[in-house]
Amino acid sequence: MRKSTSALAVLGLGLATVGFGTAVPAAATPAAAPHAGFVAKSADSDAGKAFFQAVLKSVAEKRAANPSATAAVTVVYDASRAPTFSSQIARSAQIWNRSVSNVRLQSGSASSADFSYREGNDSRGSYASTDGHGSGYIFLDYRQNQQYNSTRVTAHETGHVLGLPDHYSGPCSELMSGGGPGTSCTNATPNATERARVNQLWANGLAAAMDKALEKSGR
C-alpha cells in the first residue's frame, strides 16, 4: 500500500537537541519526512500519538476479526529487516514484557506484524515512523547505535510504539530521555512512571480502538 507522505510522523532520539552528531539543517530534511524528534515533544503532541494510534488500530482490528483471542493484548513485530540488531530487539522486547502487564511484544512474520524494525544509515539517527494508517516501523541507525548503548536506543524507540513521547531533558533513569544523558548512559529499562503510563494507555486506549474496529467490521 502506498504511504501517505503528508501524514508521516517521525519520533527520534533527538539528534540536534542532545548532540548525537552533526544535525541535518531544517532545509535539508526531506519534506516528506518531517522529523519531530529534533525537538522535545509533549505527551499530547500529534507526532507523539501517531505511532501509538497506528499500532492500536492494527491490534484492535486483528482482535475484532478474532473475538475468541486470549485476553492478553499482543503487539507483533517483524525484525527480519534489521538482522544486525536482532539481539538488541529481542532484549528490548524482553525488557518491556517484564516491565508492563497490559500489553506484550511478540516476534512474528511480516504478514502478521503490527510494526517492523529496519536498519541502515541516516544522519537523523534512529527513529520511529508511521503514516498513521497502520503502517509503521522503527529505524535503527548504525552510527548512533555504535555511539550509544544499542539496547537503550532500541528500547527507547520501542517505547514510542507503546505510546511514550520523547523527554530529552530527563535523567539516565528515564528511558525516554533518549540521548540526553550522554553516551555513558546504558539504562535500557523504563522507570516506574513510564511503566505506569504504558499500562494506562493500553488499558484505556485499546477499549476505544476496539469499539471503532468492531463498528467497522459490523459486529
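Visitor: In which sense do S2 and strand S4 pair, and over how many bridges?

Guide: Please note that this is a predicted model. Strand S4, residues 115–120, pairs with S2 in the parallel sense, and three bridges link the two. Within this pairing, serine 116 of S4 lies opposite aspartate 78.

Visitor: How many bridges join strand S2 to strand S3, and how do these strands run?

Guide: S2 spans residues 74–81 and S3 spans residues 104–107; they run parallel and are joined by four bridges. Arginine 104 in S3 is the bridge partner of threonine 74, and glutamine 106 in S3 stands opposite valine 76. As a general idea, side chains in a regular strand alternate between the two faces of the sheet.

Visitor: What unit do S2, helix H3 and S3 make?

Guide: Together with H3, residues 86–99, the strands S2 and S3 form a β-α-β unit, and this unit is right-handed.

Visitor: At roughly what angle do the axes of H3 and helix H5 cross?

Guide: The axes of H3 and H5, the latter being residues 150–161, cross at roughly 55° and come within 9 Å. The crossing of H3 past H5 is right-handed.

Visitor: Which residues make the contact?

Guide: H3 contributes Gln88, Ile89, Arg91, Ser92, Ile95 and Trp96, while H5 contributes Ser150, Thr151, Thr154, Ala155, Thr158 and Gly159. Classified by type, the contact of H3 with H5 comprises seven polar, four nonpolar and one charged residues.

Conventions. Residues are numbered from 1 along each chain as its sequence is written. This is a predicted model: local features need pLDDT of at least 70, side-chain atom pairs count only at pLDDT 80 or more; totals for chains, interfaces and linings use all residues. Side-chain values use heavy atoms; hydrogens and water are left out. Two strands pair if DSSP finds at least two bridges between them. A crossover is right-handed if, with the strands pointing away from the viewer, the path from the first strand over the helix to the second runs clockwise. Axes are lines fitted to C-alpha atoms, for helices over the stretch in contact, and angles run from 0 to 180 degrees between N-to-C directions. A crossing is left-handed if the near helix is turned anticlockwise from the far one by less than a right angle, and right-handed if clockwise. Contact means heavy atoms within 4.5 Å. Ala, Val, Leu, Ile, Met, Phe, Trp, Tyr, Cys and Pro count as nonpolar, Asp, Glu, Lys and Arg as charged, and the others, Gly among them, as polar.
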